[in-house]
Amino acid sequence: MSSTRHAEPGSPLRPERWASSPKYKEGMPLPGHLVAKRCAAVQMDAADKELIWFVQYRSWQDGLPALAAQLLAIAGGRVGTRSMRELGAEPGRIYTADEVRRIRKELPVSEREHFLLRGEFSELEEREMDQLNDPGLIGYRDDEAAREITELTALSAARTDSYPAEDFVRLCLSAANVELPEYLKQLCCDPAVQMDTADPWYFAGLVDALRAERDRWMRAAQQDRAETTNGERIRETLAYLEQAPCLPNEGRPMALCYGGSGWGKSFEARAACQERPGRRRYFAVPPGNEDKPFYLELNKSLGCLQNVHEKAGELKLRSELALDGGDITLVVDDSHRLWPQSNLRDNMPKRVEWFMKLAERGVPICFIAGQQFFDSQGLAEARMHWNSLQLENRLRHVVDLAPPTAEDIRCVAGALFPGADAVALDAVVSIAALSLCPLATVGSIAQRATHEAGTGRIPGPEHVAAGITYALGSNKALAKAVASRRGKTKRRVENTTPPGFRDAPADTPRELRDPGVTEDLAGMIAATGSRTSNPSRHLAHVVTVPG
């Protein structure tokens, strides 16, 4: 039988020959669907579940060995057995014979013989003593047996009555460096491990150290965050979803936060998820109607295995298993892409229906969308006669995000330009306030200023000025390119959606700032009826070529 694991001697090298290398197995991330199964099998409170999901999240971010090293770095004083923590293990501490016996009971059997006291024998020495004291011993003369017994007795009598704490700490640190990553896997996947008794013998404060590391991660995520109005509204929405009860036969409510392009929705959604990595997961819907890329990206967000050779149905099932317990709040960005992105008359909004089914099963879901969400919903009604009342009955919390205020822009600019003076910040705010995408413009200025300053340097006033000049020139070139398309537009499809809930976002940022370009904008919008599709906000560098 042929084998792809081996190659004939002298055959040409092929990259796939190393596909089964053990290096690929080191620090293997924890599959989300298995962690969800462990959380469902054991009765735990919400805080313990969030802690387990935090470990699972970190296993996909930087690996369990890195997390173990971080725990040992910030909580090295907690390394040791329970008795060592109670008695103290500070440098210079000497354990008495009774304390050594107490600590020794908590060590593995194989490690206890490293700390024998005066008058004690190891297991091997005891067996040898029993043999030497046997009258029927063959091959030993009485004088030889007596000499061996005397030597073993002298060896036992020469042992110490105490041990320094450093010897026990060194043993625990050595075991933690080797065994801690594997034990973190066991903590997250083995239902037999109870959180109240989950500490291994060498790390009595492991669960406390994990909570401290999670708190440190959350503080670091909040440290440089800009307090914007839309960000606070998104966080309030997520907090409501996480506290809302899961009613029988109804499931959980769904939430929708919608607003214009360049208002900071995606940035705030990512930041909110980073602040609670064990509870919230960010998922940006990829473009297109293909199911396989959609579920591959979702599995990546949930920390599930991503096998490109699997079918879409298998990937879908794995993501459902990870979400079924309701322990994860799923933040779905660019959710206007959930609607069918083609003109097929039988292309039903199956992705929207699937998320509605997840909500019925108790999964907290928050949609982050542009204002074109409602236009796409109206097209689904008009073309497929889809019943939108099903979705609207589930959307119990809808938030209409507002354009960033001058204070919001200043907060973001202050976070991106630490130490900048008031004059530079005022200039950035003034330029961004006139832009169609204010916060995106601030980010563009920051990127250019950082580029001008060079790697590892904080941008100064001259670099901020260069960034502003660059942003002004880019916006001017973009405006010229957009103006050249006027008169070369397609006919816009009439929006046949009934008045009411979906007609709320009537004006786009471009229409609000310059009503005179409304007719020209209509020609730039695709036949999907989208009002705010604005790919120009991603064009950070536009150059007009002369000639």
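A residue counts as buried under 20% relative accessible area, as exposed over 50% and as partly exposed in between, with a 1.4 Å probe and protein chains only. Welcome to a predicted model, in which local features need pLDDT of at least 70 and side-chain atom pairs count only at pLDDT 80 or more, while totals for chains, interfaces and linings use all residues. Residues are numbered from 1 along each chain as its sequence is written, and side-chain values use heavy atoms, leaving out hydrogens and water.

**View 1. Pro461 in helix 21.** Pro461 lies in helix 21, residues 461–483; helices here are DSSP runs (H or I, at least four residues), strands are E runs of at least two, and both are numbered from the N terminus. With a relative accessible area of 52%, Pro461 is exposed. Leu425 is 36 residues from Pro461 along the chain, and their C-alpha atoms are separated by 9.5 Å.

**View 2. The whole protein, for orientation.** The secondary structure comes to 23 helices and seven strands. Of the 547 residues, 46% are buried. Contact means heavy atoms within 4.5 Å; among contacts with a separation of 6 or more, 72% join residues 24 or more positions apart. The accessible surface comes to about 28,500 Å², and 53% of it belongs to carbon and sulfur atoms. Areas come from the Shrake-Rupley method with a 1.4 Å probe, and for residues only the protein chains shown count as cover.

**View 3. Helix 3 against helix 9.** Two packed helices are described by the angle between their axes and the distance between the axes. Here helix 3 (residues 64–74) and helix 9 (residues 165–189) pack at about 120 degrees, with axes 9 Å apart. The axes are lines fitted to C-alpha atoms over the stretch in contact, and angles run from 0 to 180 degrees between N-to-C directions. Helix 3 and helix 9 are therefore oblique to each other (under 35 degrees is roughly parallel, over 145 roughly antiparallel, 65 to 115 roughly perpendicular, and the rest oblique). The crossing of helix 3 with helix 9 is right-handed, that is, the near helix is turned clockwise from the far one by less than a right angle, with anticlockwise being left-handed. Look for Leu64, Pro65, Leu67, Ala68, Leu71 and Leu72 of helix 3, which meet Ala176, Asn177, Leu180, Pro181, Leu184 and Lys185 of helix 9. By class, this contact has ten nonpolar, one polar and one charged residues (Ala, Val, Leu, Ile, Met, Phe, Trp, Tyr, Cys and Pro are nonpolar; Asp, Glu, Lys and Arg are charged; the others, Gly among them, are polar).

**View 4. Glu213 in helix 10.** Glu213 is found in helix 10, residues 206–223. At 0% relative accessibility, Glu213 counts as buried. Leaving aside neighbours within four places in sequence, Glu213 touches Phe54, Arg58, Leu67, Gln70, Leu71 and Ile74.

**View 5. Helix 13 with helix 15.** Helix 13 (residues 291–302) and helix 15 (residues 350–360) pack at about 35 degrees, with axes 13 Å apart. Their crossing is right-handed. Asp291, Phe294, Tyr295 and Leu298 of helix 13 make the contact with Lys350, Arg351, Trp354 and Phe355 of helix 15.

**View 6. Two loop residues with positive phi.** Most residues other than glycine have a negative phi. Asp334, in the loop between strand 5 (329–333) and helix 15, has a positive phi near 55 degrees. Asp334 is buried, at 17% relative accessibility. His385, in the loop between helix 16 (372–384) and helix 17 (389–394), has a positive phi of about 55 degrees. His385 counts as exposed, at 69%.
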